[in-house]
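Look at the aromatic side chains first, then at one helix. Where do the rings meet, and what lies over them?

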Amino acid sequence: MKTDHLYYPYHSQRMTTIARQGMVATSQPLAAQAGLDMLKKGGNAVDAAIATAAMLTVVEPTSNGIGGDAFALVWMKDKLYGLNASGPAPQSISIDKVRELGHDEMPLHGFLPVTVPGAPGGWAALSKHFGKLPLIEVLQPAIYYAENGFAVTPTVAKLWERAYKKFSTSCTEPMYNGWFDTFAPNGEYPKIGDIWRSPDHAETLRQIARTDAAAFYEGELAAKMTEFSADNGGFLTKEDLAAYEPEWVEPISVNYRGYDVWEIPPNGQGLVALSALNILKGFSFQEKESIDTYHKQMEAMKLAFADGHAYITEEQHMPVTVEELLSDAYAAKRRDQIGESAQEPEAGEPKAGGTVYLATADSEGNMVSFIQSNYHGFGSGLVVPGTGIALQNRGHNFSLDPEHANSLEGGKKSFHTIIPGFLTKDNQAIGPFGVMGGFMQPQGHAQVVMNMLDFGLNPQTALDAPRWQWIKDKTFHVEADFPKHIAEALIRKGHDIEVKADRSTFGRGQVIWRDPENGTLYGGTEARADGSIASY
């Protein structure tokens, strides 16, 4: 009899993982183990995060890759640092040039949505500023598995099959051959338990490690990327790559129930999560499984997204400031707009009033909240020949409306969906948290934070709880185990509720909670993925 590793008819329970010396939580067991190996070798939480991130490009290529972007929040020696390792659009691209090619909106695949990859530069920057181990040692587990192969896990195999079927019909031009050669050799995509390897990927990681990513932005790898771009009508040039530097940024926050909730500032959408929480903090929630609780959460999230979609882009291009959007006065104004029935979301006027996520912690109290992505699954569908580099399609988020805050411009960074989160209390670190998954991410952040801070759920249960997701207008998707009587009551309030059996669209999260009194670590990992926590 053939065993189905995606069939789970019986209830399963995962307990919170508890440890003292170190912890790595992510969506794939081998990646978590790679991070733990760094901790046991004397590395710190940053070394563990980089090792895990690099490994995820190998063992979960369905969601991220070397050609993607990354963001990190790093708690190091009693201070929180932010790293924005997202890349801009090529300097030579423009709205007019895209329109001249026959597009009314940014395409999803091909070279037009390709932006400068930031992830390798982010790894190098983190290693240089905070790492204890050489980058070549930190990337060694990823290099090993790329070269020797790994057994594909269930969730990854499901997403791989989905991508193959999609690309087989939508990505048929010769420039996509590299993707099929790399990820579906001999016309076969890997199934659950199959061994997949990519020697080109291993060699690319080796060059990044040996040169602190210089080879990626100015050396042989850069030359291969720009040659591939030029041969296929792309705008990415050697000058775009050579000019790239990750940015160290000041994290932004709101205080919620006595805890400071931290996010990366725009161009990331962490501002949406903070805006929603800022609205919701003015309410008192007595119980989680309540019609009133869900109604207010959903209405607040719609309002936050309306503002986010109207205003978020690279910060210097925003028509309003982060401070204005997160002010208590503006939150009160938006809160007053929440009534007893569902409303159509509209942006306010504040001046008038798929991604992988991982969390790490070490014995010294250092912690990292890290996220990286190709945006839509494998990204643009393009793999640079001979490198294993899958190029992201982050530019798909740009608007071709020149009046929109997030309008396409050469050298500009787009509205970015991937966001790491972090909690502190009284200037002490509590820990990293995150939920990946496109526009689900700020919704997942708000739900997980409220699960822990409003309703006292432990990290694992906070992640296990049924999720809801705003889609558009008054439409929300809810998971199949969402309480039926509450869904029906929300429909009576005017919400358009759709129950979805496929949990893969509701995000995949990780949490590490550190007890500031004794340093004990409590970890939760995602049941909606091949989630795993490695600790000691």
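A charge sits over a ring if NZ of Lys or CZ of Arg is within 6 Å of the ring centre and within 35 degrees of the ring normal. The model is predicted: local features need pLDDT of at least 70, side-chain atom pairs count only at pLDDT 80 or more, and totals for chains, interfaces and linings use all residues. Residues are numbered from 1 along each chain as its sequence is written, and side-chain values use heavy atoms, with hydrogens and water left out.

Start with Tyr189. The charged end of Lys191 sits over the Tyr189 ring, 4.1 Å from its centre. Lys296 lies over the face of Phe283, at 5.0 Å from the ring centre.

Now the ring pairs. Rings of Phe, Tyr and Trp (its six-membered ring) pair if their centres lie within 6.5 Å; planes under 30 degrees apart count as stacked, over 60 as edge-to-face and the rest as tilted. The count comes to 27 aromatic pairs. Tyr164 and Tyr189 have ring centres 5.0 Å apart and planes at 40°, so this pair is tilted. Tyr164 belongs to helix α7 (residues 154-170), while Tyr189 lies in the loop between α8 (177-183) and β6 (195-196), 25 residues apart. Helices (H or I, at least four residues) and strands (E, at least two) are DSSP runs, numbered from the N terminus. Both tyrosines, Tyr164 and Tyr189, are buried; buried means under 20% relative accessible area, exposed over 50%, partly exposed in between (1.4 Å probe, protein chains only).

Ring pairs also link Tyr164 and Tyr189 into a cluster, with Trp160, Phe167 and Trp196 among its other members.
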